[in-house]
Amino acid sequence: MEYQALYRKYRPQRFSEVIGQDHVSNTLAREVIDGKVAHAYLFAGPRGTGKTTSARLLAKALNCTNLGEDGEPCNVCPSCVGITEGTSLDVIELDAASHNKVEDIREIRINVGTVAAAAGAKRVYILDEAHMLSRAAGNALLKTLEEPPEHVIFVLATTEPYKLLDTIRSRSQRFDFHPVATETLIDFMKDISKREGFKPDPAGLSTVAAHSGGSVRDALSLLEQVAALGSGAVTAELAGRALGLADAEAFSSLATAVRDQDAPAALGIVARLASQGADLRRFVSESIGFFRGIFLAQYAPNLEEVADEPISTLDEWRRHAAELSSPEVLRAVDVLGEALQDVRQGREERLVIELALLRLTRPETAPDVDSLMARMGRLEAQLRELQRGAPAAAAAPRAESSPAPQLAAVSEPVVEAAEEPAEVKPAPVAEEQPDAPVATKEAPVEEPEKPAAVPVEPIDIDLRGFESTWPVIVARIRDELGPRRHALVKEAVPVAAEDGVVTLHVPSHLVFHLEQLKADTELQGLITSIAADSLGGALTLTFESSEAPAPAPVAVERAPDKEQMLEEGDDETDPAALVVDILGGEIISE
């Protein structure tokens, strides 16, 4: 007998042999037993999940002469044998991709009127890929689909039911076929391997099932391919070679490289896979799925119910979920998704993937918000680890060393004392606090009194040195005291600096500014404080009026008013003579 592919050789011949679709098989068998078969069915679901097979089983059960009590066909009567071998005249299978015109539907409508081959039999029309029907063909099928002859049953099979007309869906009884669970596929392939004499291992079957996408047909095709490559052996390594897959260790190594920010290790993974002939595009796609699993492990305590994966895979997800932060995992999914899209657009495959992994392991190379969030998440995790794992003895040296900065604050500028954290309040400082309120009582703001409370030696500064610091002082005044005082200070110009005394000149016409600067002790205190911080010493300010005269008002020419023009009298120039002179004409009297 000619060799048949496994998915054809082991095609289910009974409802009970259809795996993973019990909700469909049991319902169809019950309808056949009760005689409540609908006139039209819509089977929707992914490829390789049993849609066409279930349609054939329905036709076989409807025409079986020895139907069992459970609704199962006998598979030995002439009708069952003919349907199994594909020679029955009562089962018409059509491909809607090649029969999608109105003329094809008209031919179906003509043939629908003919009687079945056997007396009392049902004629079943199986229209595969029904979503390929044109709009006109679908509308032409509506009347026949809604009211076919009593002996005619329509079964529409499609992978994209949303593309069908709403009027077609409303006239059909719909069954949704689901992807088959991984464990169910593994058990089924174990049985097939035993029948065929294969030598599979659990890891090999898991790999084949994981890459079949829940399709039984795809799983059997991959199983057959791997077994042929390994002379009957089915292992994870052989499955990876047949499919161009990256080994499982590559995904774990990638997650570790992201955790450790190890760019050389991540680039080394790409180099190793490329040298082994692995499909880098598939590697990126499966890496997205791997990081998705880590994300699920972080947020889904019932991971076994959310993800259909082996226990070993779930444990690996949980291990990496405890090592990586959520922003890092989400960013990995986004970056790898963008890389996969760029690769599909035809860009340099390896370069795009290497750049994506570099951005993952070196967030500082990508100044986007997600990168910053990932870096902040890593810092927060490190701080939590330090707080959780810091020994109690570590706080003692800090408490012992804290009095030293407090004692130095008496002889150093008060600015350093302000840098001490507010929560650190050692006992020795409590005795030295009575002096501090004295400075605060003299002025409502503490900062202008800081330089006066600290004995700082005056500095010998030249005019050039102070001029370089003056713009900084003016800017600080605007930020700390507001625009009104900033307007006063920006009119002052340093003109002299000697023996720690700085002279500032204010234009002589700005008398109000000069008076305000001399009277504002808070402003003067802040200027001297900022200057002391910047120049490292105390200084004294004096404000004087400049000798430069006030700028003369700009003369603005005004148009003469009416009275002025009347006083000046008439102009001696004759307008008519002026026109004759310019245009070269003559005056003609009428």
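Colleague: In which loop does N75 lie?

Modeller: N75 lies in the loop between α3 (51-63) and α4 (78-85). Helices (H or I, at least four residues) and strands (E, at least two) are DSSP runs, numbered from the N terminus. This is a predicted model, in which local features need pLDDT of at least 70, side-chain atom pairs count only at pLDDT 80 or more, and totals for chains, interfaces and linings use all residues. Residues are numbered from 1 along each chain as its sequence is written, and side-chain values use heavy atoms, with hydrogens and water left out.

Colleague: What phi does N75 have?

Modeller: Most residues other than glycine have a negative phi. N75 is not a glycine, yet its phi is positive, about 65 degrees. E129 also has a positive phi, about 55 degrees, without being a glycine. E129 sits in the loop between β3 (123-128) and α6 (135-146).

Colleague: How is the relative accessibility of N75 and E129 to be read?

Modeller: Buried means under 20% relative accessible area, exposed over 50%, and partly exposed in between (1.4 Å probe, protein chains only). N75 counts as partly exposed because its relative accessibility is 24%. E129 is partly exposed as well, at 26%. Of the 590 residues of the chain, 39% count as buried.

Colleague: How do the axes of α12 and α14 cross?

Modeller: Two packed helices are described by the angle between their axes and the distance between the axes. Here the axes are lines fitted to C-alpha atoms over the stretch in contact, with angles from 0 to 180 degrees between N-to-C directions. Helix α12 (residues 248-260) and helix α14 (residues 280-299) have axes that come within 10 Å and cross at roughly 65 degrees. The crossing is right-handed, a term for a near helix turned clockwise from the far one by less than a right angle.

Colleague: Which residues of α12 and α14 meet?

Modeller: Contact means heavy atoms within 4.5 Å. From α12, A250, F251, S252, L254, A255 and V258 take part, and they meet F283, E286, S287, F290, F291 and I294 of α14. These residues divide into 9 nonpolar, 2 polar and 1 charged. In that count Ala, Val, Leu, Ile, Met, Phe, Trp, Tyr, Cys and Pro are nonpolar, Asp, Glu, Lys and Arg are charged, and the others, Gly among them, are polar.

Colleague: Is A250 buried or exposed?

Modeller: A250 counts as buried because its relative accessibility is 0%. Leaving aside neighbours within four places in sequence, A250 is in contact with I269, R272, L273 and F283. By contrast, R292 in α14 is partly exposed, with a relative accessible area of 43%.

Colleague: Which residues have the most contacts inside the largest nonpolar core?

Modeller: In soluble globular proteins, nonpolar side chains tend to be buried together. A nonpolar core is a set of buried Ala, Val, Leu, Ile, Met, Phe, Trp, Tyr and Cys residues joined through side-chain atoms within 4.5 Å. The largest one has 39 residues, and L254, L273, F283, F291, I294 and L357 have the most contacts inside it. At least two residues each come from α12, α13 (263-275), α14, α16 (311-323), α17 (326-344) and α18 (349-361). The largest share, 9 residues, belongs to α14. Another core, of 26 residues, lies apart from this one and includes L6, Y10, I19 and F188.
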